[in-house]
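The entries below follow the order in which I checked them.

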Amino acid sequence: MSGQGVWLRARARLRRFPALLAGCGEQAAAYGRCVAAAVGGPAELRRDACLEEFRALRDCIDRAVGPEER
């Protein structure tokens with residue numbers, strides 16, 4: 001039993017990620033701005049500080065991937 005097929009499928013999915021991310025540029029930028037604002041200054045990034053923006057980005061990528069690959 002070989003795990004090679006698993007790694008090949010994972011690599012194929014990762015190769016698609018830049019294109020998926022580019023298609024969700026608005027959501028990615030909003031998430032990036034939120035994280036940058038949250039870590040700017042002396043405070044540390046808190047868990048769920050940018051949850052709304054992260055969920056919007058994740059939803060966009062999920063829609064781009066489609067149900068057949070989830």
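**Entry 1: the pair Cys34 and Cys50.** The model is a predicted one, and in it the sulfur atoms of Cys34 and Cys50 are 2.1 Å apart.

Entry 2: I found a disulfide between Cys24 and Cys60, with 2.0 Å between the sulfur atoms. Cys24 lies in the loop between helix 1 and helix 2, and Cys60 in helix 3, so this bond ties together parts that are 36 residues apart in sequence. The torsion about the S-S bond of Cys24 and Cys60 is about -90°, so I recorded this disulfide as left-handed. Both Cys24 and Cys60 are buried.

**Entry 3: the pattern.** How many disulfides are there? I counted 2 disulfides. With bonded cysteines numbered along the chain, their pattern is 1-4, 2-3. For reference, I wrote down that a disulfide is a covalent bond between the sulfur atoms of two cysteines.

**Entry 4: helix 3.** I turned to the helix that holds Cys60. Helix 3 covers residues 51–65, which is 15 residues, and reaches 21 Å from its first C-alpha to its last, close to the 21 Å expected. Which residues of helix 3 are buried? I listed Leu57, Cys60, Ile61 and Val65. They cover an arc of only 135° around the axis, which puts them on the same side of helix 3. An α-helix has 3.6 residues a turn, so residues three or four places apart point the same way. The cover over the buried residues of helix 3 includes helix 1 (4–23) and helix 2 (25–39). On the face turned away from the buried side, I found the exposed residues Glu52 and Arg63. Just after helix 3, Gly66 takes a positive phi of about 90°.

**Entry 5: confidence.** I noted a mean pLDDT of 86 for the protein, with 93% of its residues at 70 or more. Confidence is highest in helix 3, at a mean of 94, and lowest in helix 1, at 86.

How values were computed:
Residues numbered from 1 in each chain as written. Predicted model: local features only at pLDDT ≥ 70, side-chain atom pairs only at ≥ 80, totals over all residues. Heavy atoms only, no water. Helix = DSSP H or I, 4+ residues; strand = E, 2+ residues; numbered from the N terminus. Expected span 1.5 Å × (residues − 1). Buried < 20%, exposed > 50% of the residue type's maximum accessible area, 1.4 Å probe, protein only. Arc of directions from axis to C-beta. Contact = heavy atoms within 4.5 Å. pLDDT = per-residue confidence, 0-100. Disulfide = S-S within 2.5 Å.
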